[in-house]
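Subject: Structure for you to look at

Hi,

Here is the structure I promised to pass on.

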Amino acid sequence: MEEFTKHQIATLSNFVAADRFSVGRSNRELHLHDISAHRGTLPAGIVWPVTTEEVSRILTWSYAHDVAVTPWGAGTSTEGNPVPARGGLVMDMTQMNKILEIRSRDLQADVQPGVLRKELNRQAGKLGLFFPPDPGADATIGGMIANNASGVQTVKYGATKDYVMKLTVVLPQGNIIQTGCKAHKSSSGYDLSRLFVGSEGTLGVVTEATLRLTGIPSHHLAVTITFNKLSEASQTVAVMISSGLEPAALELLTPELVKLMNREKDLGLPEVPSLFCEFHGISKATLQETADLVKELCQDCGATGFKFGVEANDRAELWRARHEAWETIHRAHPGNETLIVDAAVPISRYPEMIVFSQKLVDEKKASGYVFGHAGDGNLHVVLVGDPDNEAQWSMLEDINDQIVTRAIQLGGTCTGEHGIGIGKRKFMELEHGQSYQLMRQIKDMIDPKGLLNPGKIFL
Ligand SMILES: Cc1cc2nc3c(=O)[nH]c(=O)nc-3n(C[C@H](O)[C@H](O)[C@H](O)COP(=O)(O)OP(=O)(O)OC[C@H]3O[C@@H](n4cnc5c(N)ncnc54)[C@H](O)[C@@H]3O)c2cc1C
């Protein structure tokens, strides 16, 4: 559905204040795509609810009238996750953006879903706390919950799923439920919070969340390690993790990406296979011990260069550059789009996955940058091309397919953190087998008409 009737517009306008429902074309076009090349169907209207009750009223009506609804956070997904595949209504959650309470004694925050991650961390930071999952982009908490987002510090602190304690969710037919509780532990029945985390807005709309926070570490140690060979850098990752060193971040970068980062940020880094690591500790002395161990271990693995204890400013600049890797690549290839490969494997298989992926990019003479949240066994390849150039784009898709298929065969997953959206649906059967059917049955039970974020996760 690409246009609402006058009657539908009048009804929807009654659910919210006048400036929070729009059928204006520019608003609709702004909600047509995320950062991927996946394009949806132009939605017929956009609504910005501010309360759980408004969400409930809108969903009750849309369900009764067969109108598809697609929840929308900050639109930073990479697989078409918030793209309205069947038009209808986009429910933009960005105005439900209140931090309701931060309870420092419980290490918890109650938030609305439109709160931005960086704002939560600004406020929690005043109390010495932070919310660790960090997808780089300034995503909404609702979008992070729906995608089970993670990031550079997941290797130590975990993913979004590890921080969700309690949710308020509005189901597709408008009923409001609460899942989970605020106790640190519970073994009370099915873990419904975990069901909604990672469900990409296909099962319900999250309207409130209680999140776990953690203390900001008092001491940081940043390390950059360089190698002559990519295989040595990736082997070192597996050795470092299996030795129990517990880095707070462990990122792998190939020379091509370091070169782009140097060009853009003037970082002066050696343009060779590199690891960026960070360690957190309770004292300088414990971090010094860790540094000595890391150095010894990396030397045994063939490292050629180390830089320890990078100063606070340099550290921030280094991580900013890493976080902005995608933007840097995008800017270096004006007029092109990116296809971001995201797969994860058991850590012991990471080295072969990295070497396989780089070889594939080289063999196909593709424009592609290999890197990853190495400590989690998570690999990315940003492939660059023009979706209108059919031969070129299908070559990039073939690279994506081969890497993802290999990751699944090695006991891994088709997506470490970006979710399924539109792009990864074709791998679900291969990865999950019978369980994919169970997922479909759950979807059919909660949303029998298939109206909430249709066209995602399931083919
Ligand atoms: C440069 C860049 C780097 C990135 N790096 C990472 C990374 O390292 N790790 C990572 O995990 N991701 C990464 N991402 C992907 C993306 O930022 C995350 O997946 C993020 O969590 C998406 O949040 P969002 O607010 O933009 O949500 P959107 O993209 O708007 O939506 C995401 C999904 O959530 C659903 N949704 C939104 N709000 C709600 C709600 N209230 N209730 C139910 N469903 C809802 C949508 O329907 C959609 O399915 C990156 C993106 C970019 C652009």
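A word on terms before the details: I call a residue buried when its relative accessible area is under 20%. Please also keep in mind that this is a predicted model.

Let me begin with helix α4, which covers residues 117–125. Its buried residues are R117, L120, N121 and A124. Viewed down the axis of α4, these buried residues fall within an arc of 95 degrees, so they line one face of the helix. What do the buried residues of α4 pack against? Their partners are the strands β5 (99–103), β6 (108–111), β7 (129–130) and β10 (205–212), along with helix α5 (141–147).

Now to the ligand. There are 34 residues around the ligand, and P71, T76, S77, P135 and T140 come nearest. By type, the shell holds 16 nonpolar, 15 polar and three charged residues. Helix α5 gives the largest share of this shell, five residues. β3 (69–72), α5, β10 and α12 (325–332) each supply at least two.

An N or O atom in the side chain of T76 is 2.7 Å from a ligand oxygen, and for A74 a backbone N or O atom lies 2.9 Å from one. In the side chain of H373, an N or O atom is 3.2 Å from an oxygen of the ligand. Taken alone, the ligand exposes 990 Å², and the protein buries 96% of that.

Best wishes

Terms used:
Residues are numbered from 1 along each chain as its sequence is written. This is a predicted model: local features need pLDDT of at least 70, side-chain atom pairs count only at pLDDT 80 or more; totals for chains, interfaces and linings use all residues. Side-chain values use heavy atoms; hydrogens and water are left out. Buried means under 20% relative accessible area, exposed over 50%, partly exposed in between (1.4 Å probe, protein chains only). Helices (H or I, at least four residues) and strands (E, at least two) are DSSP runs, numbered from the N terminus. The arc is that of the directions from the helix axis to the C-beta atoms. Contact means heavy atoms within 4.5 Å. A residue is near a molecule or strand if one of its heavy atoms lies within 4 Å of it. A polar contact is a pair of N or O atoms within 3.5 Å; within protein, one must be able to donate a hydrogen and the other to accept it, and residues adjacent in sequence count only if both atoms are side-chain atoms. Accessible areas come from the Shrake-Rupley method with a 1.4 Å probe; for residues, only the protein chains shown count as cover. Ala, Val, Leu, Ile, Met, Phe, Trp, Tyr, Cys and Pro count as nonpolar, Asp, Glu, Lys and Arg as charged, and the others, Gly among them, as polar.
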